Structure formats: C-alpha cells, structure tokens
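Please find below a short note on the model under review.

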Amino acid sequence: MITRIMDVSQEPINMENIREAAEILKNGGLVAFPTETVYGLGGDATDKEASRKIYQAKGRPSDNPLIVHIAKFSQLEQITSDLPENAKLLADAFWPGPLTMVCNKNQVIPYETTGGLDTVAVRMPNNPVALALIEESGCMIAAPSANTSGRPSPTKAEHVYQDLSGKIEAILDGGAVDIGLESTIVDLTEDVVTILRPGFINMDMLKEVVGEVRIDPGIVYNDKGTTEGAKPKAPGMRYKHYAPKGDLTIISGQEDKVVSTINKMTKQAIQNGQKVGIIATSATRDRYEAGEVLVIGDRDDEGSIAHNLYDILRQFDELDVDVIFSESFATPKMGQAIMNRLLKAAGQKTIEVG
Ligand code: TXA
Ligand code: MG
C-alpha cells in the first residue's frame, strides 16, 4: 500500500483533502491526523475490522484499548451508559481539549475498539483538522497515537511516516502539534475522579471543576523506581514503554551540580568509547563540554519542553548514541506529565545530585 500524504497545514483548511480522508474512513480504511496533543491513527470506531487494522498497523497488543474521538457532546451520550454528572462538568470546562474520559460503554462501540473492556475512553480533540475529519466522515474516530507500538508518540507528520508508511492509506499533514504529550486520562466510573495518565490538564485544574481527584496508585513511582503494588488501570500504562536505543539517565538537583555531573559522566563515557547525547535547556546548552547536545526548550516555558520531548528522543535514536544524560524537568504545571514520560524512557533511572 502506498501511503498518501495530504497537506492540511494552511488556513483555510484544504477541505478537498479532508473529504478524501473522510471517504477512506467511511470505507473502513485508516488515516493518521493531527490533534493538539499528538498525531492519532484513525479508523471508524464502530467498525470492528477498522479497529483490528489499527492494532495490526501499530503492532499493538489487542487488549490495549483505543480512544474514541468525537466532535459533539451528544456523541458521548450516544456511546455510554450511566453517564455521571462529572462528565458534563469536565466537558464544559475542558472540551474540546486534551482530556480523555473513561465511562461505562453501551453496545454502540464494539469490544474490538475497547480491548474487551466494558468501559470506553472518549475525547473531543481541540484541533480544526481533527474536528473537520470527524464531522465530514460522520464517524466517531478510534485513534491511538500514530506511532509503531514501543516508539515515542508522533508530534509531526514525518514521525508518522517513519513508523507507518506502507501500512495505512493516508496521513493528513497539519504540521507540528501544539502540546506534544498525550491527553490526560481520567476514570469517571468510580466515586472519585481518578487520573490514569497525567497530561496538560493537571490535578489542580481537575480539582477546580470536580472537587476531589486522586491519582491511580499504579502509576506513582517511589524513589526505588517501583509502584506500591497496584497495576495501572489504563492497560497502555502497564506495557514496557518506549526506551530509546541509548541508555537514558536523568540527573536531577541544583543546576550547577547537574551540569558538572553530566560533564563528568560524559567525559568518562567518551573515554570508554561511547557516543553520548545530552538533553539540555537553552540556558545550559553552552555549559556542556562534549557530546551531542540537544536543546529541549526553555525552563521558564514548560510548554516548549513538552512540545520537543518526543522529537528529541527520536533524534537521539537517529544519532545512534549509546548513552543519554538528561536534566530533570519537574516544572510547576506539566511537570508530572513530562516526568512520567521521561522517567519511563529512562526505565526510572535517576541520579540525585543534591
Ligand atoms: O492525546 C491522546 O490521547 C492521543 C491522541 C491521538 O488523541 N491518543 C493516545 O492514544 O495517546 P493511545 O492509544 O496511545 O493511548 C490511549 C491510552 C492507553 O494507555 C489505553 O490503555 C488507555 O488510553 N485507555 C483506552 N481506553 C481505556 C479504558 N476503557 N480504560 C482505561 N484505559 C483506557
Ligand atoms: Mg500511544
């Protein structure tokens, strides 16, 4: 199969391309499309066959459920049962936007889409291309991130092409995404709203709307790098996640000490014949004395760090580095989401330098 790339990066959106992509979806095919978080790999959420194709194209285990993307709140009511009051409150506050809600499903969405679960994850993306595609196709679109399973989520159409070229019908190229990390997932099926995956919508923002919020204990790591026993409730958070080819270690602590430690470790690694990558910020870049230094962003602009993280990890794979040293980014608002992804990529390996 030849994967077509269709440009939708200019305003006004090229509706010809949206209509062609919508036709592919209506005929049971797959189209990758931009959202405000990461690119999604879309198929008709009500079509079992389309969901099977999505798992196959990604090489994803079929017990890891897909997120259903909608364009109207009434579509959430159409596919769920016993919708809690909190769903309405959260949708009013954050939709369209980077929040996915897990609710009890009815029979409209097949088990092939929900990985066999009786619940369904739903979100209304805040991206004009994604919304136009949902509306034009008349489909609710099942879409996981559009990467090969085990690689970082794609934040540019090129990333999708690297992973899925020849395996899907088309890619709508809307340029680089905005946020760069996957949506926050909340479970609404229990009494207390529970965060299953941290994202741009953080704990404080959720608390302002629904009061009490907790975080799934299965995704909270202690300083030994393990969780307190429980398995994560979102199946996707259980899998061994993306690990870069290079062995990644996070160095955290006071900036001067972090820089000098990374410089020391880099020198040592180079002496041992290893190729070293360093994840720096615009403020520290010039203080690193050796290695391939990539700037993730500006510490005062945490959005830039989230935006560039996955692209940087892909770049280090291409540079074929043996080891990667990264600064730590426990920033005020998105820090939990950023560190959740970075720590996973590092297999929880952190060095504290005080
Ligand atoms: O930002 C995003 O959420 C992107 C864009 C494309 O919307 N999508 C995304 O999908 O990140 P994916 O498939 O890579 O991650 C979906 C996560 C997985 O961890 C999956 O296990 C979880 O959502 N999930 C889906 N349905 C669920 C359910 N019914 N209960 C619990 N977790 C669920
Ligand atoms: Mg994913």
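The numbered points below move from the whole chain to the ligand and then to a single residue.

1. The coordinates are those of a predicted model, and every value in this note is to be read accordingly. The protein chain contains 10 helices and 16 strands. Its radius of gyration is 20 Å, close to the 20 Å given by the globule rule for 354 residues, so the chain is as compact as a globular protein of that length. Along the principal axes, the C-alpha trace extends over about 60 × 45 × 35 Å.

2. On burial and surface, 55% of the 354 residues of the protein chain count as buried. Among contacts in the protein chain with a separation of 6 or more, 67% are between residues 24 or more positions apart.

3. Around ligand 1 there are 29 residues, and those that come nearest are T37, N64, H69, S183 and G236. By class, this shell comprises 16 nonpolar, 8 polar and 5 charged residues.

4. An N or O atom in the side chain of S183 is 2.6 Å from an oxygen atom of the ligand. For R123, a polar side-chain atom lies 3.0 Å from a ligand oxygen atom. In the case of P235, a polar backbone atom is 3.4 Å from an oxygen atom of ligand 1. On its own, ligand 1 has 680 Å² of accessible area, and the protein covers 96% of that area.

5. Which elements give two or more residues to the shell around ligand 1? They are strand 4 (67–69), strand 6 (119–123) and strand 10 (193–197). Strand 6 provides the largest share of the shell, with 4 residues. The nearest residues named above include H69, which falls within the range of strand 4 (67–69). R123, with its polar side-chain atom 3.0 Å from a ligand oxygen atom, falls within the range of strand 6 (119–123).

6. A269 is placed in helix 8, which covers residues 255–271. Is this residue buried or exposed? A269 has a relative accessible area of 5% and is therefore buried, the limit for that class being under 20%. Beyond its neighbours within four places in sequence, A269 is in contact with Q274, V276 and V323.

Note on methods: Residues are numbered from 1 along each chain as its sequence is written. Chains are lettered from A and ligands numbered from 1 in the order in which they are written. This is a predicted model: local features need pLDDT of at least 70, side-chain atom pairs count only at pLDDT 80 or more; totals for chains, interfaces and linings use all residues. Side-chain values use heavy atoms; hydrogens and water are left out. A residue is near a molecule or strand if one of its heavy atoms lies within 4 Å of it. A polar contact is a pair of N or O atoms within 3.5 Å; within protein, one must be able to donate a hydrogen and the other to accept it, and residues adjacent in sequence count only if both atoms are side-chain atoms. Accessible areas come from the Shrake-Rupley method with a 1.4 Å probe; for residues, only the protein chains shown count as cover. Ala, Val, Leu, Ile, Met, Phe, Trp, Tyr, Cys and Pro count as nonpolar, Asp, Glu, Lys and Arg as charged, and the others, Gly among them, as polar. The radius of gyration is taken over C-alpha atoms; the globule rule is 2.2 Å times the number of residues to the power 0.38. Buried means under 20% relative accessible area, exposed over 50%, partly exposed in between (1.4 Å probe, protein chains only). Contact means heavy atoms within 4.5 Å.
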